[in-house]
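Open the model in your viewer and keep the sequence panel beside it. The stops below say what to select and what is there.

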Amino acid sequence: MIIQLDMQSELPIYSQLVYQIIEGIASGELQLGEALPSVRNLAADIGVNLHTVNKAYTLLKQDGYILIHRQKGVVVNPDGMPGLTDDFLKKQQTELRPIIAEAICRGMTKEELSAVLDQMYDDVKMGHNKE
């Protein structure tokens with residue numbers, strides 16, 4: 001899996017890592033039980049601080065996407081992905097609501113917004129890049 005970071009983005013690097021790893025799992029590019037690079041190796045490969053990768057891995061572990069073994073290293077959770085929870089649904093609504101509001105303010109119709117979401121869903125599922 002190729003990690004592409006945008007160092008000019010307002011989105012913190014650890015968040016970009018979290019999102020890209022989750023997207024890699026969603027697309028099937030990363031399989032359940034597949035090993036991920038160690039914190040040290042990933043940090044060196046992408047040129048970021050160890051603490052940045054460690055924070056991303058910690059968040060992924062807390063949400064159930066990965067497991068961290070002292071001897072086996074970091075792996076995509078072999079038991080499956082976390083299910084839909086009330087916390088996830090609340091987070092999703094909190095993050096989507098301002099995007100929907102801005103789309104309405106900018107004159108986007110519900111159908112146009114739905115078409116964008118449909119296309120992005122398919123792109124993520126098929127492993128197509130953002131651009």
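How many residues in the lining of the largest pocket are nonpolar, how many polar and how many charged? The lining has 25 nonpolar, 14 polar and eleven charged residues. Here Ala, Val, Leu, Ile, Met, Phe, Trp, Tyr, Cys and Pro count as nonpolar, Asp, Glu, Lys and Arg as charged, and the others, Gly among them, as polar.

Before going on, some ground rules. This is a predicted model, in which local features need pLDDT of at least 70 and side-chain atom pairs count only at pLDDT 80 or more, while totals for chains, interfaces and linings use all residues. Residues are numbered from 1 along each chain as its sequence is written, and side-chain values use heavy atoms, with hydrogens and water left out.

**Whole chain**

Show the protein chain as a cartoon. It has five helices and three strands, in the sequence pattern α-β-α-α-β-β-α-α. Helices (H or I, at least four residues) and strands (E, at least two) are DSSP runs, numbered from the N terminus. The C-alpha trace spans about 55 × 35 × 25 Å along its principal axes. Of the 131 residues, 24% count as buried; buried means under 20% relative accessible area, exposed over 50%, and partly exposed in between, with a 1.4 Å probe and protein chains only.

**Largest pocket**

A pocket is an open set of points on a 1 Å grid over the protein atoms alone, where a 1.4 Å probe fits, with protein on both sides within 12 Å along at least five of seven lines; lining residues have an atom within 4 Å of a point. Grid points are joined across faces, edges and corners, and the volume is the space filled by probe spheres set on the points.

Next colour H1 (13–27), H3 (50–62), H4 (86–105) and H5 (110–126): each of these helices supplies at least two residues of the lining. H1 gives the most, with twelve residues.

**Second largest pocket**

Select Leu36, Pro37, Ser38, Val39, Arg40, Ile68, His69, Arg70, Gly73 and Val74, which line the second largest pocket. Helix H2 (39–46), strand S2 (66–69) and strand S3 (73–76) are the elements that give two or more residues to this lining. The volume of the second largest pocket is about 150 Å³, and its lining divides into five nonpolar, three polar and two charged residues.

**The sheet**

The three strands form an open sheet in the order S1-S3-S2, with antiparallel pairing. S1 and S2 are the edge strands, each pairing on one side only. Two strands pair if DSSP finds at least two bridges between them.

Which residues in S3 stand opposite His69 and Ile66? His69 faces Gly73, and Ile66 faces Val76. S2 and S3 pair over four bridges and form a hairpin with three residues between them.

**Tyr65**

Step back to Tyr65, in the loop between H3 and S2. Is Tyr65 buried or exposed? Tyr65 counts as buried because its relative accessible area is 16%. Show its contacts (heavy atoms within 4.5 Å): leaving aside neighbours within four places in sequence, they are Ile22, Ile25, Leu60, Val75, Val76, Asn77, Met81 and Pro82. Then draw a C-alpha to C-alpha distance from Tyr65 to Val18: the two are 47 residues apart in sequence and 9.7 Å apart in space.

**Salt bridge**

Finish at Glu102 and Arg106, which form a salt bridge with their closest N and O atoms 3.0 Å apart. The term means a side-chain nitrogen of Lys or Arg within 4 Å of a carboxyl oxygen of Asp or Glu, and the structure holds one. Glu102 is partly exposed, with a relative accessible area of 42%, whereas Arg106 is exposed, at 67%.
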